[in-house]
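Please look through the sequence and the model below before reading on, and keep both in view as you follow the text.

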Amino acid sequence: MKKFRFTKNEEIYLLLALFVLVLLFISSSMTYHQQEMKPTSINHHLSLIEELVGNWNIYYGGKWHNAYLDGGVASMTEFVIRKAAHFSSYFLVGLFGYLGLKRIFKINWLGPLFIWLTVIGLAAFDEFHQFLTGDRTPSVHDIMLDGAGALTGILLCLIGQAVHTLIMKKKSS
């Protein structure tokens, strides 16, 4: 029986996933006030985003969020940046996790499902970790957002694989 070994690229993908998870753990260890963005720095550094999201109305976590209800455009911008960080960080964990582990699954559909459910479990653990951190509140909505990010990353890989397979079949025909 041939011994399984990760390729160099798979090792890099897994290290990248681990790196993002470590950053998430560090971020979860910080209180809300340690992470809080100041309105002046948002105005100065993120004015383009501020202009973009200033008129948005987002229903999230059972309530509406907009500049009027959240205490200004800077607060709305911070809200959008925080939620984008949730989605994008777990997008990367799902993407890198799948790219690093996809070969170990003999059943094709099992790999994406296992990785997605594992990332959701990690997101739930991260929210629990936030619960243990002062001044932070866990949210099941954030877990769902994290899971959506991971699923998007995994689906992007699957679509890329399918397109690659089609191109290779056409070339060989």
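The mean pLDDT of the chain is 89, and 92% of its residues reach 70 or more. Where pLDDT is low, the predicted coordinates should not be read in detail.

If you pick out leucine 95 and set aside its neighbours within four places in sequence, you will find it in contact with Gly153 and Cys157.

Charged side chains come next. Side chains of opposite charge can pair when their charged atoms come close. How many salt bridges does a search of the whole structure find? The search finds three, and they can be taken one at a time.

In one of them, arginine 103 pairs with glutamate 10, and the closest N and O atoms are 2.5 Å apart. This pair links distant parts of the chain, since arginine 103 sits in the loop between α5 (73–101) and α6 (110–132), whereas glutamate 10 belongs to helix α1 (residues 8–28), 93 residues apart. Are the two partners buried or exposed? Arginine 103 has a relative accessible area of 41% and is therefore partly exposed, but glutamate 10 counts as buried because its relative accessibility is 5%.

Another salt bridge joins the side chains of arginine 82 and glutamate 78, with 3.1 Å from N to O. Here both residues lie in helix α5, four residues apart, which is about one turn of the helix, and both of them are buried.

The remaining salt bridge is formed by aspartate 142 and lysine 83, whose closest N and O atoms are 2.8 Å apart. Like the pair with arginine 103, which links distant parts of the chain, this pair links distant parts as well: aspartate 142 is in helix α7 (residues 140–172) and lysine 83 is in helix α5, 59 residues apart. Aspartate 142 is buried, with a relative accessible area of 5%, and lysine 83 also counts as buried because its relative accessibility, 18%, is under the 20% cut-off.

Now find histidine 129, which has its place in helix α6. With a relative accessible area of 13%, histidine 129 is buried, and, apart from neighbours within four places in sequence, this histidine is in contact with Phe25, Ser28 and Ser29.

Finally, look at the outside of the model. A nonpolar patch on the surface is formed by Leu15, Leu18, Phe19, Val22, Leu23 and Ile26, which together have about 590 Å² of accessible area. Leucine 15, one of these residues, lies in helix α1 and counts as exposed because its relative accessibility is 56%.

Note on methods: Residues numbered from 1 in each chain as written. Predicted model: local features only at pLDDT ≥ 70, side-chain atom pairs only at ≥ 80, totals over all residues. Heavy atoms only, no water. Salt bridge = Lys/Arg side-chain N within 4 Å of Asp/Glu carboxyl O. Helix = DSSP H or I, 4+ residues; strand = E, 2+ residues; numbered from the N terminus. Buried < 20%, exposed > 50% of the residue type's maximum accessible area, 1.4 Å probe, protein only. Contact = heavy atoms within 4.5 Å. Patch = residues over 30% accessible without salt bridge, like charges linked within 9 Å, V, L, I, M, F, W, Y side chains within 5 Å. Areas by Shrake-Rupley, 256 points an atom, 1.4 Å probe, with all protein chains shown as cover. pLDDT = per-residue confidence, 0-100.
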